[in-house]
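This briefing covers domains, the chain contact, sheets and helix packing. Please keep the sequence and the structure at hand while reading.

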Number of protein chains: 2
Amino acid sequence: MRPIRVSRRGREAPPSPIRKLVPLADEARRRGVAVHGLNIGQPDLVTPPIVWEALDRDRPKVVAYAPSNGTPELRAALARYYHTAGIDYSADELTVTIGGSEAILMAMASVTDAGDEILVPEPFYANYLGFARMLELKIVPVPTSAVDGYHLPPASVWEERISARTRAILFANPGNPTGTVYEAKEMDLLVELASRWGLFLIADEVYREFCYDGRTHLSIANFESVRDRAIVVDSVSKRFSLCGARIGCLATKNADVLSASLRIGQARLSPPVLEQTLACAAFTLPPSYFEGIRAQYQHRRDVVMEELAEMPGVFCRTPRGAFYVLATLPIASSEDFASWMLSSFSHEGETTFVAPGGGFYATAGAGSAEVRIAYVFEEVALRRALRVLSAGLAAYPGRTAEAALVARG
Amino acid sequence: MRPIRVSRRGREAPPSPIRKLVPLADEARRRGVAVHGLNIGQPDLVTPPIVWEALDRDRPKVVAYAPSNGTPELRAALARYYHTAGIDYSADELTVTIGGSEAILMAMASVTDAGDEILVPEPFYANYLGFARMLELKIVPVPTSAVDGYHLPPASVWEERISARTRAILFANPGNPTGTVYEAKEMDLLVELASRWGLFLIADEVYREFCYDGRTHLSIANFESVRDRAIVVDSVSKRFSLCGARIGCLATKNADVLSASLRIGQARLSPPVLEQTLACAAFTLPPSYFEGIRAQYQHRRDVVMEELAEMPGVFCRTPRGAFYVLATLPIASSEDFASWMLSSFSHEGETTFVAPGGGFYATAGAGSAEVRIAYVFEEVALRRALRVLSAGLAAYPGRTAEAALVARG
């Protein structure tokens, strides 16, 4: 009998850096330790009750397939939402996807073949690596630095990394894990690079509403000169505390990409139907809903910054969006530190779970002093989690004198 | 400004043969023609009401991410279901997927790299081609013939097609679009090929309960000698009339494949959560539920065969499972025929929508005289749809004298 072996892509599919320490957290809980989970971007906000009313009203007799590109109702709701947000995408210029995740997969598949390359400012949302591995494309990291808040480097740094196989720039704005909101000159740089080098611009804008301190989000959709090459990745997950619904969309004015996403979507038949009903209802919420959650998250951001400022040797510039802080700690290995916090530390019966920074980098060894903190709890719980983190940091045997800030690029 | 172009996989992603004529059907409806949709496997059966009770009871405050491999409750329910079905998979040997579709994608990705090959008995479920195109693997068709009811050819036909890049055999049992249920000697052949040539066996068993005339379904899971290389693709869609829920699973005793599917699953975070609650509830239905739907579909199968027997020049062996008939019609192009039925024909204000056979073949030109009929309506509606089809066939200008039966292989 011949032996059998999984594929290289099966062997090399990266584990989620956000989830791979979950077994240690489970073990800690079994030992009776309370674990503050700042590792994952799962908001504590109650899902708006209006979504349930919609489901009670529209409960189907047969839970049948929906159209592959989403129900007409949800596509219309998305188009209305974009209109209100000042973004010009019609119902015919978008495909409903199974979460923002599938929109990333479809965008990547539509613009690359195996062996092609995509430029991504680093650090970046870890799961880009998983989809890239499955599709056998190469993510080429473009370094940014903690010192200047992970803003984009000049054109020369990008151009050094452009090859004949480069097909696109993929970026999250606001950024995950950085919380960075790109300024006009950074958007202009991306637009210019895409125009000059013939690249698609895939913009992950799932945190669009989460911009603080009066910052305005600049959608790639509104840059006229790249209308033909802009692809927006979107999701209802964070926006409406509907993470488990798995509803997102891909929006673009490029008819070929739209057609490709529709055909790719036909292979998996349809997005889940009940959740499309929930999402439709969520999009009827007034703009004041976003104002409320924005104020809440901005306050939490302030709480995190205040607590981090109290911790000796910790460095972090104030993030302006999303709900993450990527903090540089006085440690050599955040993987070791995060594991140690779960397996060997507790403070008054509690510990704090943070995501090691390395998983957000493609560059080997980068991010080893950084951890991502998701500020997804209300103030009291958040302060408590951060004080436990601070106590852990003080007690950690691998502690160094201060945050090792390596300016990259 | 440099021009921009989608990828080859974006350009070549195949449209669904089941869905691509939908615009013609929509147009017919706009003209006031009633369209009998026999093109798609969307059962008319009411989703068991028990699923709604579960959702009302377990309505979450926050629609949060579930574990990437599914909720513990659903994994336990699946394990119990397998136990009852006489299949030995524990809750730790399966990953909950977004429909059977994602289980196919995960299985393919786990066993092939770009350029690798998978053998598939032809005709086959059309969407295998879509996932194969995205993953840049090659589907190598193994011909079967309408004349003998699409049963498997002997080992020599398979071995002629095995190369150094062959990684797996993928097959649906019961078959879609053929309705063929494999006999013990066919399963033995697959097992022997996989053992001799070092191949995975990916078995799409989503129609497991839909076997008629007392036929027993033989799950690949129960062949001891290939426990290390069997991968089962499963779904609640047809089983519980939950097509729109998008809940399925991948089950295997191969720890590396299981690990790969979990890591691939982490990239897309989680399957939809409400639908996992629905699926859990559906699995509490007693075995009599399956007996009821099996009897119902067997009767519908009889109705279809009776009606087809009345149509001059039509050929079809009695299918023994699933809810499809692949019928060979006295026509040269089923694509042209199906389009003509929608755009140029009506009988007493009605027409019938069938899926052209060509989309279920990778071999160019094959299946051009075949159409797939899904018997997803109750008797009266089904008879009516088939009589309208018969009238269309009689009136069709491209009609030939009789079904052109090409024995392949």
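## Domains, sheets and helix packing

The C-alpha centres of domain 1 of chain A and domain 2 of chain A are 25 Å apart. The model is a predicted one, in which local features need pLDDT of at least 70 and side-chain atom pairs count only at pLDDT 80 or more, while totals for chains, interfaces and linings use all residues. Residues are numbered from 1 along each chain as its sequence is written, and chains are lettered from A and ligands numbered from 1 in the order in which they are written.

**Domains of chain A**

- Domain 1 of chain A is made of 8-46 + 288-395 and domain 2 of chain A of 50-282; such bounds come from an automatic or database domain assignment.
- The contact between them takes 37 residues from domain 1 of chain A and 32 residues from domain 2 of chain A, where contact is defined as C-beta atoms, placed from the backbone, within 7 Å.
- On the side of domain 1 of chain A that touches domain 2 of chain A, helix H1 (8-12), helix H11 (287-309), strand E9 (324-328) and strand E12 (370-374) of chain A each supply at least two residues. Helices (H or I, at least four residues) and strands (E, at least two) are DSSP runs, numbered from the N terminus.
- H11(A) gives the largest share of that side of domain 1 of chain A, 5 residues.
- By class, that side of domain 1 of chain A has 19 nonpolar, 10 polar and 8 charged residues. Ala, Val, Leu, Ile, Met, Phe, Trp, Tyr, Cys and Pro count as nonpolar, Asp, Glu, Lys and Arg as charged, and the others, Gly among them, as polar.

**Contact between chains A and B**

- In the contact between the chains, 69 residues of chain A meet 69 residues of chain B.
- Two or more residues of the side of chain A that touches chain B come from each of H1, helix H5 (99-111), helix H6 (127-135), helix H8 (184-197), helix H9 (255-267) and helix H10 (273-282) of chain A.
- H9(A) gives the most to the side of chain A that touches chain B, with 7 residues.
- The side of chain A that touches chain B divides into 33 nonpolar, 18 polar and 18 charged residues.
- Across the two chains, H6(A) and helix H9 (residues 255-267) of chain B pack at about 125°, with axes 8 Å apart. Axes are lines fitted to C-alpha atoms, for helices over the stretch in contact, and angles run from 0 to 180 degrees between N-to-C directions.
- That angle makes H6(A) oblique to H9(B); angles under 35 degrees count as roughly parallel, over 145 as roughly antiparallel, 65 to 115 as roughly perpendicular and the rest as oblique.
- Asn127(A), Gly130(A), Phe131(A) and Met134(A) of H6(A) meet Ile264(B), Gln266(B) and Ala267(B) of H9(B). The contact of H6(A) with H9(B) has 4 nonpolar, 3 polar and no charged residues.

**Sheets of chain B**

- Strands of a sheet pair through backbone hydrogen bonds, either parallel or antiparallel.
- One open sheet of chain B has 7 strands in the order E2-E8-E7-E6-E5-E3-E4, with mixed pairing; two strands pair if DSSP finds at least two bridges between them.
- Strand E2 (94-97) and strand E4 (138-143) of chain B stand at the edges with a single partner strand each, so one side of each has no neighbour in the sheet.
- Strand E6 (residues 200-204) and strand E7 (residues 230-235) of chain B pair in the parallel sense over 4 bridges, and Asp204(B) has Val233(B) as its bridge partner in E7(B).
- Another open sheet of chain B has 3 strands in the order E9-E12-E11, with antiparallel pairing. E9(B) and strand E12 (residues 370-374) of chain B pair over 5 bridges, and Thr328(B) has Glu370(B) as its bridge partner in E12(B).

**Helix pairs within a chain**

- Helix H4 (residues 72-84) and helix H10 (residues 273-282) of chain B pack at about 30°, with axes 9 Å apart, and are therefore roughly parallel to each other.
- Glu73(B), Leu74(B) and Ala77(B) of H4(B) make this contact with Gln276(B), Ala279(B) and Cys280(B) of H10(B).
- The axes of helix H2 (residues 22-30) and helix H12 (residues 334-343) of chain A come within 8 Å and cross at roughly 20°.
- Leu24(A), Ala25(A) and Ala28(A) of H2(A) make that contact with Ser339(A), Leu342(A) and Ser343(A) of H12(A).

Methods:
Contact = placed C-beta atoms within 7 Å.
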